[in-house]
Amino acid sequence: MSASPILATRNLGLDIGGATIVADVGLEVREGELLAVIGPNGAGKTTLFNLVSGLHRPTSGTVELDGVDVTDQPPFRRARAGLGRTFQVSSVFPLLSVHENVRLSAEAANGGTLRIWRRATAVREAMERATWAIGRVGLADRGPWPAGLLSHGDKRKLELAMLLAGRPRVLLLDEPMAGVSMEDVPELVELIRSVHADEGKTILMVEHHMEVVTGLAERIAVMHHGRLLAVDTPDAIMGNETVRQAYLGEEL
Amino acid sequence: MSTFLLLTITGLGLGAMYFLIASGLSLIYGLMGVLNFAHGVFITVTAYTLWFVESKIGDVPVLPRFLIAALAGLVVGTVFAALTELVLIRPLYGRHIEQVLVTVGLALAVTALVTAIWGSDARVVTAPAWVGQTTTIFGAHIPNDRWLEIATAVIVLFALEAFLRRTRYGLIVRAGVENRAMVTALGIDVRKAFTLVFAIGGLAAGIAAVLYTLYSTTVDPQQGTSLVIFAFIVVVIGGLGSIRGTAWAAVMVGLVQQYANYYASSGLGDLSVVLLLGIVLIARPRGLSGSFA
């Protein structure tokens, strides 16, 4: 584990029209860890995510990726620097095939989209990378399918494959279980766990459901009313009185 | 029968030109959400470049002279289209009202400029002789330019399909038509694709301008605008962002226009196209193809 965090926010805040959505969030994600952000609806989890990935610009504070201030960089630059994310709303391209979806992501990671002409090896490499990623998430036999025909659970797997094909250093997963049927949840949890363990990927995920997070995350950050309430191990979070009052008391 | 055949081939030729113009409009709207009212300018720029070059190079036989002039027109039209995106559209990215205003403004300005410099009268272009002759099929004397129009449009259709299906940029364009924000989030700079799509649209419209110049043997400041009106109707009927839908709609509009002008009354062709638009929109509000095909 490196001394400096791979991803960090400092005093991060967002005000929209006088309303404070996120305030003073200082969060450090260590290389190789799986950190989950939880909190009740409206706590600012997804907004924090959008600030980190660059979809929103903060009104105060900074976002640092591997020690570099990326606050002013647009999403695609952050993505190219190794910050890959999924969205709460399933964000695959429904009319493209499963393989094309992943290929697009692999192409993006190559950064080669800037040039019209590319060496054939680079194109083939993206194809192979896509095939590998589809196999990694268990969708190998679905390659030619239009992505729109996949089940919710399989769409989530496809999103994960798209992320992996992009070789991100940090995976941002926005509510990966949203819209997934209960029986598909354990399989998806296991997939995220194995990607984290086997590929050694750093993962920052937002999740609404406590039970998904406790068995998966190494550390948990709790958000409440746009602020960071606590960051600690799952056991410590469960025993934290402030957290229980603010979050668990409301939810459970 | 021979009249019907002539009308049909002519309608298909007209549809071919509508398709060439509409395919660019459709891709630009599908990918960028820009209603490009300046699309007729690409026709005007190509046609006037063609006429200008053709009138300046003497001492060259008609065919090579026309080909050189047409090539010059296509290059200038394509570059002009790419510059339109880079200079006027890009700074207004995501601001649709301003984009409409700037494209309408460009259309008005270029038309006025061309009229001010070369006048509002049509200028004559000498087309190769073969184009003006006819080929007789089943007793119908079909002007040769119709074949050229249809064949060119079919080639462009296949080329566009191949570009969209087989190339990396085509993949990015198709993905962008579905969900532009998501493509950006993946780490792809779609702005390159925007410029490329504008250039392709400008080239296709330019090809239509060359064909229309062969057909009419003249260029005038208004022809771009009048062709684009029907191209817009074709785009709406075909479904925004769909190349195949655009092709079908172009054929329908071309044929309906020709048949109505002949069998009903001259001038009813335009009206019947609007009626067709109304019927399609009532039956299928999102156009023939709905979304990208």
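1. Helices (H or I, at least four residues) and strands (E, at least two) are DSSP runs, numbered from the N terminus. Chain A has 9 helices and 10 strands. The radius of gyration of chain A, taken over C-alpha atoms, is 18 Å, close to the 18 Å that the globule rule gives for 252 residues, so chain A is as compact as a globular protein of that length. That rule is 2.2 Å times the number of residues to the power 0.38.

2. This is a predicted model: local features need pLDDT of at least 70, side-chain atom pairs count only at pLDDT 80 or more, and totals for chains, interfaces and linings use all residues. Residues are numbered from 1 along each chain as its sequence is written, while chains are lettered from A and ligands numbered from 1 in the order in which they are written.

3. Two residues are in contact if their C-beta atoms, placed from the backbone, lie within 7 Å. Take the contacts in chain A with a separation of 6 or more: residues 24 or more positions apart account for 68% of them.

4. Now the meeting of the chains. The contact takes 21 residues from chain A and 16 residues from chain B. On the chain A side, helix H2 (75-80) and helix H3 (98-110) each supply at least two residues. The largest share, 7 residues, comes from H3(A).

5. What is the side of chain A that touches chain B made of, by class? It has 12 nonpolar, 4 polar and 5 charged residues. Ala, Val, Leu, Ile, Met, Phe, Trp, Tyr, Cys and Pro count as nonpolar, Asp, Glu, Lys and Arg as charged, and the others, Gly among them, as polar.

6. One residue of chain B: B:Leu20 touches B:Ala153, B:Val156, B:Ala204, B:Ala205, B:Ile207 and B:Ala208, not counting residues up to four places away in sequence.
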